[in-house]
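Welcome to this short tour. Please open your viewer and get ready to select a few residues as we go.

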Amino acid sequence: PFFAAQFLSHFAMENWPAVFYMFHPPKVPLFNPKSDEHLMKWGQFFAITYIFIFLGDSISRRIAIYLKTPSLRKRLACLGFAMAMIVGGLYLESLAIAIIIPIAIFMIFWGNGTIYGLTANHVDKEVPAEHNLASYSFWCFIGDLGAVLGGILVENTHDLFCRGHEGPYEC
């Protein structure tokens, strides 16, 4: 399950550029892609979004690594929650409504940080010290496979997310 979570997490993170291509500079329509009202500068919108990325990832890592997870069952439940956050974030992104994109990104990166923290916690508790490096390396390799797939599918994701959301500044 830790490998599947890592694959999903990296897929979602590397698929993030689809959102960049969804909104066209110089403005981002916050509520309705077909509207010329409630616009924000493109750079400001993505600056705010990156703050949400930073907060989601960095806070969740610290929380996850210090969670009291004495049992594998509890770690797996937390891992399931993290994966649900990523899937929920991807769903919110698919709505292509700019005002909720920072929340969606926060959820994806919260899931990512939680997966990192939980995995570090799990490996440190369950894998003999002499095999830690190999375990982490293989886990990272699985994540890289998800990242490659996520990167390859950026255009497909863009097309999927943009269905029915065309406007002067979107899609």
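Start by selecting α1 (2-14) and α6 (132-152), which each supply at least two residues of a nonpolar patch. Helices here are DSSP runs of H or I with at least four residues, numbered from the N terminus. You are looking at a predicted model, where local features need pLDDT of at least 70, side-chain atom pairs count only at pLDDT 80 or more, and totals for chains, interfaces and linings use all residues. Residues are numbered from 1 along each chain as its sequence is written, and side-chain values use heavy atoms, with hydrogens and water left out.

Now select F3, F7, F138, F141, L145 and L149: these make a nonpolar surface patch of about 520 Å². Such a patch joins nonpolar side chains (Val, Leu, Ile, Met, Phe, Trp, Tyr) within 5 Å, from residues with over 30% relative accessible area and no salt bridge (a side-chain nitrogen of Lys or Arg within 4 Å of a carboxyl oxygen of Asp or Glu). Areas come from the Shrake-Rupley method with a 1.4 Å probe. Helix α6 gives the largest share, four residues.

Next, zoom in on F141 in α6. F141 is partly exposed because its relative accessibility is 43%, between the limits for buried (under 20%) and exposed (over 50%).

C162 is buried at 5% relative accessible area, while C171 is partly exposed at 23%.

Technical notes: Patch = residues over 30% accessible without salt bridge, like charges linked within 9 Å, V, L, I, M, F, W, Y side chains within 5 Å. Buried < 20%, exposed > 50% of the residue type's maximum accessible area, 1.4 Å probe, protein only.
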